[in-house]
Amino acid sequence: MIRWKQQLLLGLAGSLLAAGLTTTARAETWPSQPLRIIVPFPAGGAGDLVPRIIGESLSRSLGQPVIVENRPGAEGAIGVNAVARAKPDGYTLGVATSGPVVIGKRLFTNLPYDPKTDLAPIGLTYETPFVLAVPAASPAQSLADLFRLAKEKPGTLNIAIPNSGSVQHLLSEQMQDVAGLEILSIPYKGGGPAAVAVAAGEVDMTWAALPNVTSLIDAGKLRAIAVSSTERHPLLPNVPTVLEQGWPGLVASNWNGLIAPAGTPDAILDRLNREVNVILEQPEVVGKFKEMGVTPRPETRSGFQDLLNAEEAKWAEVIEAADIKPL
């Protein structure tokens, strides 16, 4: 009996060693074929353009083609699920944002993946603030003006949100909670259509990712009255932050990162993190990002995980306070 157990233990040890050697060999020979980056949103916008910029540079540094594939739908869950279900060999990457990677698990009961167990963080790519914008004809010039208007006629003002469960949706709920407002949320299919609806005067306001509204602000169709960052943005130097206007509870950011399927070898994830961080510091890339209104955000893998944990805790509190029920 003892001999049988010894043989079994030796066999298990050999299997584990072989598995470790296989993983190491796979990481050492990687990459030997094209990579793909799955974008869980439609083409266009910073969330799609940034991975294309990174993919182009990554292709040169890795010596392999990098294909960007759009898989929109279900508030980003379709594309992220494709990443989660892919083979963890370092050849399938994905774009991560708060919606499908942080918020979705709390708002959708049938989410087909678990962000914590099915995905591996690679690193951040960019960060940009949200802009609270109103139609150019709106009498509101500041947060104080807008909040006063909302309190004078509770329930009559409305806000355009990209979709239910988006960060903008939760930021809207947070604004109503901290300022004691009653505003109707109107969902649209994306941040672009939401911003256009406000510019047309169909809706009273929107929290929009900066790249979605810069052209409308420059054209005089929207007025920006606040940015959600801790400092003013270079593209909107005359627009005060929420902090300057006395509302620290409304600080939030629109960030974008890269993920891989859980189980992808650490050696591959580490190399991808290093390669992407180098790309984010290239002057040409920094210039392209600046034109879009986003800021490159090099970060370690552990730093990205810390952000994911902090974002989850933050938005969980908002969801609970607003009593938003899972769909």
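Begin by selecting Phe41, Pro162, Asn163, Gly190 and Gly191, which lie nearest the centre of the largest pocket among its 38 lining residues. The model is predicted, so local features require pLDDT of at least 70 and side-chain atom pairs pLDDT 80 or more, while totals for chains, interfaces and linings use all residues. Residues are numbered from 1 along each chain as its sequence is written, and side-chain values use heavy atoms, with hydrogens and water left out.

## The largest pocket

A pocket here is an open set of points on a 1 Å grid over the protein atoms alone, with protein on both sides within 12 Å along at least five of seven lines; a cavity is a set of points where a 1.4 Å probe fits but cannot get out, and lining residues have an atom within 4 Å of a point. The largest pocket holds about 840 Å³ of space. Volume is the space filled by probe spheres set on the points, which are joined across faces, edges and corners.

Next, colour the elements around this pocket. Helix H2 (46-62), helix H4 (98-107), S4, helix H7 (167-179), helix H8 (191-199) and S9 each contribute at least two residues to the lining. S9 contributes the most, with four residues. Helices (H or I, at least four residues) and strands (E, at least two) are DSSP runs numbered from the N terminus. By class, the lining has 15 nonpolar, 20 polar and three charged residues. Nonpolar covers Ala, Val, Leu, Ile, Met, Phe, Trp, Tyr, Cys and Pro; charged covers Asp, Glu, Lys and Arg; the others, Gly among them, are polar.

## Thr125 in strand S4

Select Thr125, which is placed in strand S4 (residues 119-135). Is this residue buried or exposed? Thr125 is buried, at a relative accessible area of 1%. Buried means under 20% relative accessible area, exposed over 50%, and partly exposed in between, with a 1.4 Å probe and protein chains only.

Select Pro129, Ser229, Glu231, His233 and Thr295 to reach the second largest pocket; they lie nearest its centre, among 16 lining residues. The largest share, three residues, comes from S4. The volume of the second largest pocket is about 260 Å³, and its lining divides into five nonpolar, seven polar and four charged residues.

## The cavity

One cavity of 30 Å³ or more is counted. To display its surroundings, select Ile53, Glu56, Ser57, Arg60, Gln282, Glu284, Val285 and Lys288, which line the largest cavity. H2 and helix H11 (283-292) are the elements that give two or more residues to this lining. Which of them gives the most? H2 does, with four residues. The largest cavity contains about 50 Å³ of space, and its lining has two nonpolar, two polar and four charged residues.

## The aromatic pairs

Rings of Phe, Tyr and Trp (its six-membered ring) pair if their centres lie within 6.5 Å; planes under 30 degrees apart count as stacked, over 60 as edge-to-face and the rest as tilted. Three aromatic pairs are counted by this rule. Select Trp30 and Tyr91: their ring centres are 6.4 Å apart and their planes stand at 50 degrees, so the pair is tilted. Trp30 lies in the loop between helix H1 (2-29) and strand S1 (35-39), and Tyr91 in the loop between helix H3 (77-84) and strand S3 (92-96), so the pair ties together parts 61 residues apart in sequence. Trp30 is buried, with a relative accessible area of 4%, and Tyr91 is buried at 11%.

Then select Phe147 and Trp247, an edge-to-face pair with 5.1 Å centre to centre and 85 degrees between the planes. Phe147 belongs to helix H6 (residues 143-152) and Trp247 to the loop between strand S8 (222-227) and strand S9 (253-261), so this pair joins parts 100 residues apart in sequence. Phe147 is buried at 5% relative accessibility, whereas Trp247 is partly exposed at 24%.

## The whole chain

Finally, zoom out to the protein chain, which has 12 helices and 10 strands. Buried residues make up 51% of its 327 residues.
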